[in-house]
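Take a look at the chain below.

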Amino acid sequence: MRIRMLAATAAAGTLAVLAAVPAHATEYSSALKIKGVQYDAPGRDSNSCSTGNTKDEYLTIKNYSAHTTVNLKGYVVKDKVGNHYTFSQNHYLQPGDYVKLRGGHGTESDSKNVAYRSNCNFIWNNDKDTIYLYKPSGAGADSHAYTKAANDRDGNGYITFHG
């Protein structure tokens, strides 16, 4: 949830606008943003490649641009301790489109708007973590810190950052 406070002061013909963003979010100028995260897969966590549920833990990245298509190739997703995933294939997101980055094995294609990390280990902590999204240039695109207690009010393991 993003909160903005605006204060306007007129002084000598100028208008000053101040914006405050809570500490848990960093605002970047980017079309791609982290829409939400299923940080705790339903059921008991099991990272077994054949019978586990890592595919049920996912990060949703959305193109919030009104006119620009964005290629995910080269974008990097990281957690607080440095676990990361780099989109290595062309994956085009049209304006308003999204992709779900899941654990488990599969392909990184535009099919069904899903990319798999080809790793059966969970990436997000169930109690708290920080999610970073970096552009191919290395510049920040979006980041969010969460705690289960503060951000998951309904307890379903999913947190929405941008609507």
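Which residue in E13 is the bridge partner of Lys128? It is Thr147. Keep in mind that this is a predicted model.

Start with strand E12, which covers residues 128–134. Strand E13 covers residues 140–147. The two run antiparallel, and 7 bridges join them. Between these strands lie 5 residues, and together they make a hairpin. Find Gly138 in that hairpin: its phi is positive, near 95 degrees.

E12 has another partner to look at. Strand E7, residues 76–79, pairs with E12 in the antiparallel sense. Here the count is 4 bridges. Val76 has Tyr134 in E12 as its bridge partner. As a general point, side chains in a regular strand alternate between the two faces of the sheet.

Now turn to the cysteines. The structure holds 1 disulfide. Its members are Cys49 and Cys120, with sulfur atoms 2.1 Å apart.

The torsion about the S-S bond of Cys49 and Cys120 is about 120 degrees, so the disulfide is right-handed.

Finally, are the two cysteines buried or exposed? Cys49 has a relative accessible area of 53%, so it is exposed, as that is over 50%. Cys120 has a relative accessible area of 6%, so it is buried, as that is under 20%.

How values were computed: Residues numbered from 1 in each chain as written. Predicted model: local features only at pLDDT ≥ 70, side-chain atom pairs only at ≥ 80, totals over all residues. Heavy atoms only, no water. Pairing = 2+ DSSP bridges. Disulfide = S-S within 2.5 Å. Buried < 20%, exposed > 50% of the residue type's maximum accessible area, 1.4 Å probe, protein only.
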